[in-house]
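User: I've got a model open and want to learn how to read it. Can you walk me through it, starting with how far to trust it?

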Amino acid sequence: MHQLRFFPVLILVAALGCTGAVLAQEATGSASSTTASAAERASARKSAGKMASKKAQTKRTRRTPDAPIAATTTAAAASSDSDQNQDVRDDAADLARHSSADYIVAVVNSEPITNTEVRINMQRALANPTNTEVRGMSRAQLQKAALEHLIFQKAQLEQAKENGITVDDLAVDQAERMVALQNNISLEEMHQRLAADNIALKDFRRDLRNQITIQRLRDAEVAPRVKVTDLEVEQYLQSPQGQQIANTVVPQTHVRHILLLVNDKRSTQQSVALLNDFKKRLQAGTADFDNLARDYSQDPTSAAKGGDLGWSRPGMFVPEFEQVMNQLQDDQISEPIITRYGVHLIQVLDRRESTLSSEEVREGIRAQLHEKQLEEAYNTWARELRDSAYVEYRDPPQ
């Protein structure tokens, strides 16, 4: 069985348990944020958590020993014959066989974490071939890391809820398509592979929704704080790595788009419907892309130019946009694509290979430094959020 590469993917990190940045490149998110200070929010969360903890005591559930445990993990080691991957399969199978009764192992603010959730997280970590950090862990260490990962996640999801951040089904649908696209398979085939690996589709979609939610929270809370200076760009440009970028021939794509913002005046569904109508008119020859972009696009930079974004470099656009762009043939028009900026209709005009101009090199370096600094800032912020949360440990996971 071929291994599915998941996009986005939650990776268990032993040291932090943080969900890495997987959807953004040059983040400038605009989701709403709370006005309370960190201290006020921490105090409120801890008070609420103590009250919720008392309620959670009465909500322990029991599951019969024969009840199955849903595994939200990749099909990782199933196709490999190596001894190491066989050990991984054996460990994951061992976790699945030991189906003890479910119970609450911790409470984060008002949200409980169950033993089953910890076991599923352990299965995901063991079955992910890229997650080499878990290979040398004992079972107790892996349990602790899996629980800590869930504490980080619950704290961030609750903060996102406080901030009013939501993810609709259309965004999850698109994330599903991105997984299939990255694996060069159809959506139906991907669903079959998930089922073959005992991964319930609802659990898979829930994980995607959680990851998108956390990404939007990161864009709102952390991205605005990260600023890359001109001096940092120039210093990197003078380094061996910077010189290598300056002299590299890269593939470039000439692309244009129509962007519709999602706000109180137009929902995601309405934007998708309108862009689908535009696509039908373009394919029928009853409309012109240039004119539609000038009349309807809400990208202040490209609308007046008929949606023309010029020649792009790798990494210039967010992955959702760039992945679809890279799959298009010349003159082909995409389906509506949802990103943090809104909903896009994309058309590729031409492709070439070329060295970057000095300005393009600097912008590329700036984006690279921004992503690195953003990841560092996010890890610090996530740790602070976790430390401010009310966490009550209950019975240890099994």
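Analyst: Start with pLDDT, the predictor's confidence in each residue, on a scale from 0 to 100. This is a predicted model, where local features need pLDDT of at least 70, side-chain atom pairs count only at pLDDT 80 or more, and totals for chains, interfaces and linings use all residues. Residues are numbered from 1 along each chain as its sequence is written, and side-chain values use heavy atoms, leaving out hydrogens and water.

User: Where does pLDDT stay under 50?

Analyst: Over residues 1-41, for one, a stretch with 138 contacts (heavy atoms within 4.5 Å) beyond four places in sequence. Residues 50-89 also stay under 50, with 81 such contacts. Where pLDDT is low, the predicted coordinates should not be read in detail.

User: And what is the mean pLDDT of the protein chain?

Analyst: The mean is 79, and 75% of the residues reach 70 or more. Helices (DSSP runs of H or I, at least four residues) and strands (E, at least two) are numbered from the N terminus.

User: How do α5 and α6 cross?

Analyst: Axes are lines fitted to C-alpha atoms, for helices over the stretch in contact, and angles run from 0 to 180 degrees between N-to-C directions. Helix α5 (residues 169-182) and helix α6 (residues 187-196) cross at roughly 90°, their axes coming within 9 Å. That's why they count as roughly perpendicular (65 to 115 degrees). From α5, Glu-176, Arg-177, Val-179 and Ala-180 meet Leu-187, Met-190 and His-191 of α6.

User: What about α3 and α4?

Analyst: Helix α3 (residues 115-127) packs against helix α4 (residues 139-162) at about 110°, with axes 9 Å apart. So α3 and α4 are roughly perpendicular too.

User: How big is the largest pocket?

Analyst: On a 1 Å grid over the protein atoms alone, a pocket is an open set of points where a 1.4 Å probe fits, with protein on both sides within 12 Å along at least five of seven lines; lining residues have an atom within 4 Å of a point. Grid points are joined across faces, edges and corners, and volume is the space filled by probe spheres set on the points. Here it's about 610 Å³.

User: Which residues lie nearest its centre?

Analyst: Asp-299, Thr-301, Leu-309, Met-316 and Phe-317, out of 26 lining residues. β4 gives the most, with 4 residues.

How values were computed: Angles under 35 degrees count as roughly parallel, over 145 as roughly antiparallel, 65 to 115 as roughly perpendicular and the rest as oblique.
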